[in-house]
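Dear colleague,

I am passing on the structure we spoke about, and below it I have set out what was found. Please keep the sequence and the model open beside this message as you read.

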Amino acid sequence: MCGIVGYVGNGQAAPFLLEGLSKLEYRGYDSAGIAVYDGQIVNVDKSVGRLAALREKIGKDMPQGTLGIGHTRWATHGRPSDRNAHPHADCSGDFVVVHNGIIENYLSLKEELIEKGHHFQSETDTEVVAHLIEDVYDGDFLSSVRKVLQRIEGSYSLVFMSKKHPDELICTKQDNPLVIGLGEGENFIASDIPAIIGRTRQTFIMADGEIATVKKDSIKITDRSGNVLKKKVFTVNWNAEAAEKGGYEHFMLKEIMEQPKAVRDTMRERITKDGSGIVMNELKWDKEYLKSFNKIYIVACGTAYHAGLVGKYYIEKLARILVEVDVASEFRYRDPIIDEKTLMLVVSQSGETSDTLAALKEAKRRGAKTLAVTNVVGSSIAREADAVLYTWAGPEIAVASTKAYTTQLILMFMLALYMAEILETQTPTRIKELIDLLKNIPGQIGETLSDTEPIKTFAKRYGFNEDVFYIGRSLDYDVALEGALKLKEVSYIHAEAYAAGELKHGTLALIVEGVPVIALATQKSVYEKTLSNIKEVKARDAVVIGIAADGDEELIKYVDHVITVPQTDELLIPLLTVVPLQLLAYYGAITRGCDVDKPRNLAKSVTVE
């Protein structure tokens, strides 16, 4: 989730580019750069690290010119470095590009361009776009951009600049945000409204497939066929702080709402064209390699640990390999049984979690092979592991993790399918069936998020209870653990999750009249048993909120309220059921007046033991 800015006008471009990028720092980034046309050449300045490093590099020699683009990078392809930072140029330096997203077919395009004599300077997917426009350029800037868009696949917001066309920028988007700010004698481009809110509140919000030619005194927007479009001006009435949150009250809610896109980005590039298999170019595994392991460890902390519990179920169920899940803070202190036949899978959003990193190093010391699942390219865990799978969720600002969890589940499900395909533990028909259902998940999460009013009502009604219990069986229990953690984190309500079958072994003593119980009942294999457990808590006068799949007519007979999610395979439904639990925690915290994004005593990344 990178930050993009662009400027064309009567003023100097560089001051706005740096100002705009500073307003996008909340999005997270690992490098920054700007490109400004001075009338003769395009001057590119870029640096790994914070924006302050770029400012220091530029110093007093601020590039002069009235046309420019800028970028803060969140790495996906290639480690954070000066050469991988944007903007990226073609061989001649005539064309410069900034990009937010992922070009899925960049490798094949790169090979083709190299054969034609193009020389690449970076490891990024983005540089392909700069060389591609050089390759197809026909003298018409807009026509050439259209030709580029016909060749590339993936998600993107793109801004093109050329010294051959010194009075204009061209921008376009697909599945990533882009806005144009309307000024007087100047116009602005940005990936998000905070970058331009200090200059203008009149904007065009770009839609997928639209292409804008932006000059200092005009903006022309067309579709990909060249048809001119009329856009409605959107007037921003948010303050600067609200703008950073995309108009949402809190980053946590914004990140919950970003989950359809985050999940889609995690899946992107990892499904074969025909939808029959999983692609993991990061891993070069074969059947003999996987058969060499007698056990897999999944080690993580907090929310990532809960994702690991679901991952264990996926791998054992689909790939039929023994998996053990452990809390990273306990792992290395119990003399774990690890050797060269162990595969160690560590999960960390930040890639800097101290206990998880220590567990990884201990496993390597004992001879295990290591695989990291993380969101941050170039993080300590990513550097230390033998192989890495990136979630590509984009930065999480709120302390309570939401989209990181769902993308970790997606990646572990895909990893399990990948293993199953290699080991032939599932039929090709079953694998394709699950992939087809997997591709529906982003839309189904969006559907789940489309109506939050019932959840707001429950939060207001029960938000002042001091105790809440969660119950479930099988995968429902694993999701219940995450739901309870979310509620504790942000609302400070005492919340506990229990395996529903364990109620008789002590927990029922805590169930009294009026206590809320969140009951997940989506696993068909244990559905009747879960209903029996729900009847047990109802018999003690608990207030039960059931979480069920659409069309469940039975559960409503035994609970006080029902929240439904779209139907899918019971393996995939945790990706949907966690969403209302996140929202319950969020609105519960709102009800209690808690600081949602910065809960007391907690930090986003735990980098000390």
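Helices, here, are DSSP runs of H or I with at least four residues, strands are runs of E with at least two, and both are numbered from the N terminus. Please bear in mind throughout that this is a predicted model.

With that numbering, Asp597 is found in the segment that follows α19 (574–592). Is Asp597 buried or exposed? Its relative accessible area is 10%, and because buried means under 20%, Asp597 counts as buried. Leaving aside residues up to four places away in sequence, Asp597 touches Lys245, His250, Phe251, Met252, Ala398 and Val399.

Next come the strands. An open sheet of six strands, paired in the antiparallel sense, runs in the order β5-β6-β7-β8-β12-β13. Why does one side of β5 and of β13 have no neighbour in the sheet? β5 (88–89) and β13 (219–222) stand at the edges and have a single partner strand each, so one side of each is left without a neighbour there. Within this sheet, strand β6 (residues 95–103) and strand β7 (residues 154–162) run antiparallel and are joined by nine bridges, and the bridge partner of Ile103 in β7 is Gly154. Helix α5 (residues 141–151) packs on the sheet, where it touches β6, β7, β8 (169–174), β12 (211–214) and β13, and its direction makes about 155° with that of β7.

A parallel pairing is found as well: strand β15 (residues 295–300) and strand β16 (residues 323–327) pair in that sense over five bridges, with Val327 of β16 as the bridge partner of Ala300. Together with helix α10 (residues 302–319), β15 and β16 make a right-handed β-α-β unit.

Technical notes
Residues numbered from 1 in each chain as written. Predicted model: local features only at pLDDT ≥ 70, side-chain atom pairs only at ≥ 80, totals over all residues. Heavy atoms only, no water. Pairing = 2+ DSSP bridges. Right-handed = clockwise from strand over helix to strand, strands pointing away. Buried < 20%, exposed > 50% of the residue type's maximum accessible area, 1.4 Å probe, protein only. Contact = heavy atoms within 4.5 Å. Axes fitted to C-alpha atoms, helices over the stretch in contact; angles between N-to-C directions.
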